[in-house]
Amino acid sequence: MSADTAVMTAAKPEKRSEARELWRQFSRHKGAVAGMVIFIAIVLVVAFGPFVYRVDATKTNVRARNLPPSVEHPFGTDNLGRDLLAQNLVGGRISLSVGLAAMIISVVVGTIVGQLAGYYRRLDGVLMRVTDMFLALPILPLLLVAVLLFRDSLRVYIGPQAGVFILIVVIIGVTSWMNTARVVRGEVLALKEREFVAAADALGARDGRVLATHILPNIMSPILVSASLGMASAIITESALSFLGLGFPPDVPTWGRLLFDGRDYLGITPMRVVWPGMFISLVVLSINFMGDGIRDALDPKLRGRV
Amino acid sequence: MTQFLVRRIAVAIPTLLVISFIIFAVLDLAPGDPTSNLPLTISAETRASIRASLGLDDPFVLKYLKWLRQFMVYEPLALFQGATGIDLTPNSDPPRILSWQTRSPVYDLIAQRLPQTLWVVGLAYLFGVLLAIPVGVYSAYRHYSWFDQVGSFVSMLGFSVPTFFTGLLAIIIFSVQLKWLPSIYDTTLVVKDWPSFVQQVRQMIMPVTVLAFFNASQLSRFMRSSMLDNLGQDYARTARSKGLQERKVVWGHVLRNSLIPMVTLIALGIPGIFTGAIITEQIFRVNGLGDLLIRGIYVSDIPMVQSISFIFAVLIVVFNIIADVLYGLLDPRIRYD
């Protein structure tokens, strides 16, 4: 008991200072901090904006079509007189949720595949073949086809918005886990030879427990990096699908969909594509800067430098 | 080396077979019916016979095997015949993969569209590479200088901002506001004299620039970090300490070694030229391969989509092997045993 507490008290501050050290490194990276501020700001605006700016995004008004930005309509209006600020706020909620949900699926799948491949020699060959095969799949054409294929049936069963949301999230998640799996596998291969894993093994811990409580916490950082990059690419993929007209249906404004709808009005209301494009770009840019910051903070070669 | 190559190809073939099966299966499940766009006056019997003539009622496995045979045997034969004029099967006329939209061979359509994609998207890739290497080298050499700081920021910007936004922005600025460049790629333009050549160049400027900027941003980051890795290596210090000119150290030693991973990355990116074309061609309305694919998807022209998707998969697998082989050829430390 006393030995236990001694170990715990010795381990705890050590662990905390590790996290603090990472934060210290991260906060020195100006781009990463700026990215974090911008990202949090956009998330807050999108999450709480519709409560403050109470304009119905779907309300059409033929008398106020294609207006440039004004006091009444800060972002202007579209060809049906719908308010663009309200649409962008609602669209942001959907785009960010798609990015988040798809990223979670891809990270969970990637982590499980990577851990199994790294830990069990028997599974390694098979799983890595599967990973290679997924990497060779022409993802964009298949995504487009999959959307076309399942959109209507899911629409009928779950409803237009939820159906397409689930479809897009799942297909983006299922086709983007490969990089996480490769990174995790490499880390697990190195970690499983270490003494603490052998010790846990010798104490009779089951494989699942070793993987979940001993190995997983030690590979959180690379997972975090690939999660951030995964979210950025999921947001871009969703926008690309919508931009090709094969994402969300026209009545659901996502940032990509707003871009797609606005591109036929470049001559009349150019700001219509600038707003959603700016949001997508800022979000992706800030996420990528944060990813850079985390990676630099984790790289021991860069520690101690400015 | 030969043994490695044989083994890689031996692995690639089952991979491609599995991929071809997935592509075929996914598309075969598609609800789209090629007769659904025909006029309603056509009777049910005629519809059924059209479906039968397209081979839609065959069992799934039979359809897959037929398609595979067409793709692997008949199409290469037709390609060979088209290129050399020698007919290897004079007695029979093997059925080719026909597009459901036009009833003409899919490969003829692809051959019509390929040049546009290669010119616009391929040229953008080439320019991207040519821009990325010097920028990456100079950024790494003057690490933390203002050039490096600005370059890193711009490249981060370049690969974070999606091309479908930069493309639209470019159209707004240069076509709508300034009216310098055409916003739509004129696909009927035939280059025959100087004015039409100028027009062709003018309509290529925007798509090529937008895409080249995107490619250069990605590649210059890799070039910079590869160069940084090598600048800190012992051999670079040795070369300097024995009194070699700085120019020779950088150009002769460090750059050559840094280019090794770049060459493989560039090779790996080439299939991306074609898949990336899907989006770029939609922005500027270029009638290339990506446009053909998108149109095929819209009207559920299954043979077309299957063929183009599978060609993309073949390109990815082939360039993966090429990248591995190049790596071995360029870096003597890597041995394939």
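Helix H6 of chain B, which covers residues 163-177, contains 15 residues and reaches 20 Å from its first C-alpha to its last, close to the 21 Å expected at 1.5 Å a residue, where the expected span is 1.5 Å times one less than the number of residues. Helices (H or I, at least four residues) and strands (E, at least two) are taken here as DSSP runs, numbered from the N terminus. The model is predicted, and local features need pLDDT of at least 70, side-chain atom pairs count only at pLDDT 80 or more, and totals for chains, interfaces and linings use all residues. Residues are numbered from 1 along each chain as its sequence is written, while chains are lettered from A and ligands numbered from 1 in the order in which they are written.

H6(B) bends by about 25° at B:Ile171, the bend being the angle between axes fitted to the seven residues ending there and the seven starting there. Just after H6(B), B:Lys179 takes a positive phi of about 55°.

Between the two chains, 32 residues of chain A are in contact with 34 residues of chain B, contact requiring that the C-beta atoms of two residues, placed from the backbone, lie within 7 Å. On the side of chain A that touches chain B, two or more residues are given by each of helix H4 (121-136), helix H5 (139-158), H10 and H12 of chain A, and the largest share, nine residues, comes from H5(A). The residues of this side divide into 24 nonpolar, five polar and three charged, with Ala, Val, Leu, Ile, Met, Phe, Trp, Tyr, Cys and Pro counted as nonpolar, Asp, Glu, Lys and Arg as charged, and the others, Gly among them, as polar.

Within chain A, A:Ile168 lies in helix H6 (residues 160-174) and is buried, with 27 other C-beta atoms within 10 Å. Not counting residues up to four places away in sequence, A:Ile168 touches A:Val98, A:Val147, A:Glu238, A:Leu241 and A:Gly247.

Chain B as a whole has 11 helices and zero strands, and buried residues make up 34% of its 337 residues.

Conventions
Buried ≥ 20, exposed ≤ 12 C-beta atoms within 10 Å, placed from the backbone.
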